[in-house]
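I opened a new notebook page for this protein.

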Amino acid sequence: MKKIALVLKGYPRLSETFIAQEIRALELRGFDITLVSLRHPTDTSTHPIHQQIKADVLYLPEYLHDEPLRVLKAFIHVVKRHSLTKVIKQFFQDIKRDTSRGRVRRFGQGIVLAAEMPVGIEQMYAHFLHTPASVTRYAALINDLPWSCSAHAKDIWTSEKWDLAEKLAELQWLSTCTAANHQYLQSLAKDPSKVHLVYHGLDFTRFQHVERISRAHVNGSSADNPVKIISVGRAVPKKGYDDLLNALAKLPKDLHWQLIHIGGGGILKNLLQQAKELGIDKHIEWQGAKPQLAVLEAYRESDLFVLASKIVEDGDRDGMPNVLMEAQSQSVCCLATDISGIPELIDNGENGVLVASNNVQQLASALEDLLRDGDKRERLGIEGQKQLHRRFDVKIGIDQLETLFDNLD
């Protein structure tokens with residue numbers, strides 16, 4: 001049984017079901033996992049899969065000044081038992097280029113992790129190539145352990161190239177979830193063969209397909225039976241909810257629709273105000289973050305899923321949004337933008353609809369077309385569900401990860 005320390009920014013998190021899915025799948029393959037979280041949970045509920053995960057969780061000091069004695073004890077421990085030459089040299093190289101308090105915090109967390117590393121850990125594995133990978137790297141340098149990483153979106157595109165390149169040179173292997181990520185990271189790696197394209201996929205035992213009652217007759221012509229739109233995602237700029245609201249405001253007044261948004265996020269109040277100013281607030285229900293079973297039920301009650309993702313000023317963007325796969329698993333027609341890994345999931349006009357990001361008019365036109373054409377929605381939804389099962393079964397990705405872990409023997 002392979003013993004792994006899996007480092008996360010926070011655990012558990014409602015917005016990171018793909019990580020929880022992977023953890024449980026690896027446990028079922030026989031991996032002995034200890035979760036290491038840099039932050040304590042902030043969500044008030046969890047998904048059912050979090051209850052199935054058996055791994056113990058080690059919470060590091062979120063801020064070093066909160067637990068100074070723990071940090072001091074850890075430092076004394078590692079000084080007595082390990083050479084710190086490599087890690088101190090690396091830290092001083094890093095701090096010259098990144099003088100933020102966050103860099104100091106990551107180094108301190110790495111010290112604590114190295115000191116409190118569970119007995120028998122053979123490998124370290126980080127989810128996200130920025131903060132969690134930095135902490136993992138420092139601890140690995142102290143404990144002389146191999147480490148690997150899974151990279152996703154923000155952690156890639158908002159990180160400095162020097163930071164990414166140096167981590168890629170040291171880690172054993174890296175998995176990433178889109179072809180665009182894969183190509184970019186390979187371009188930064190001295191050894192491109194270290195970088196592997198691994199789709200998260202979906203666990204179809206948890207997202208079982210339920211036959212839907214046909215709503216092809218619903219075309220937005222009746223105020224008593226509006227087309228039900230759903231969008232699931234954090235209210236953050238890269239999700240493009242401001243564009244979605246502007247597009248909805250452009251729809252003809254005789255076209256009847258209702259939007260349900262599920263998710264928390266920092267700009268939620270701004271979006272509520274925007275919807276009110278656009279005069280469409282009465283057509284929108286903001287439900288906040290929800291556990292997975294409630295989200296699954298909402299998919300099944302919806303006619304159309306929309307996600308208007310875009311690349312924002314600091315380079316942040318979506319990778320392969322799991323919510324699109326979740327919606328497709330329930331045969332919900334998906335309308336999304338053509339950035340990052342989304343075109344790897346949706347073939348425009350074949351199993352969903354893609355529009356250009358930051359193009360409100362194009363999004364509005366696609367919305368109107370799909371709202372009026374129930375037959376098209378159903379056809380695209382069915383095709384989306386079929387191709388999802390063919391290409392994005394979670395077992396495929398877990399097979400790849402298991403091979404990568406085993407190759408470190």
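I looked up the charges first: the protein chain has 50 positive and 52 negative side chains. The centres of the two sets lie 5 Å apart. Lys and Arg count as positive, Asp and Glu as negative, and His and the chain ends are not counted. I placed each charge at NZ of Lys, CZ of Arg, CG of Asp or CD of Glu.

I noted the ground rules. This is a predicted model, where local features need pLDDT of at least 70, side-chain atom pairs count only at pLDDT 80 or more, and totals for chains, interfaces and linings use all residues. Residues are numbered from 1 along each chain as its sequence is written, and side-chain values use heavy atoms, leaving out hydrogens and water.

Next I checked burial. Of the 409 residues, 56% count as buried (under 20% relative accessible area, with a 1.4 Å probe and protein chains only).

Then I asked which residues touch the most other members of the largest nonpolar core. They are Tyr299, Phe305, Leu335 and Leu367, in a core of 60 residues. A nonpolar core is a set of buried Ala, Val, Leu, Ile, Met, Phe, Trp, Tyr and Cys residues joined through side-chain atoms within 4.5 Å. Helix H15 (residues 360-372) gives the most to this core, seven residues. Helices are DSSP runs (H or I, at least four residues), numbered from the N terminus.

I also found a second, separate core of 45 residues. Phe107, Ala133, Cys149 and Trp157 are among them.

Last, I looked up the box: the C-alpha atoms fill roughly 75 × 40 × 40 Å along the principal axes.

Notes
Buried means under 20% relative accessible area, exposed over 50%, partly exposed in between (1.4 Å probe, protein chains only). Helices (H or I, at least four residues) and strands (E, at least two) are DSSP runs, numbered from the N terminus.
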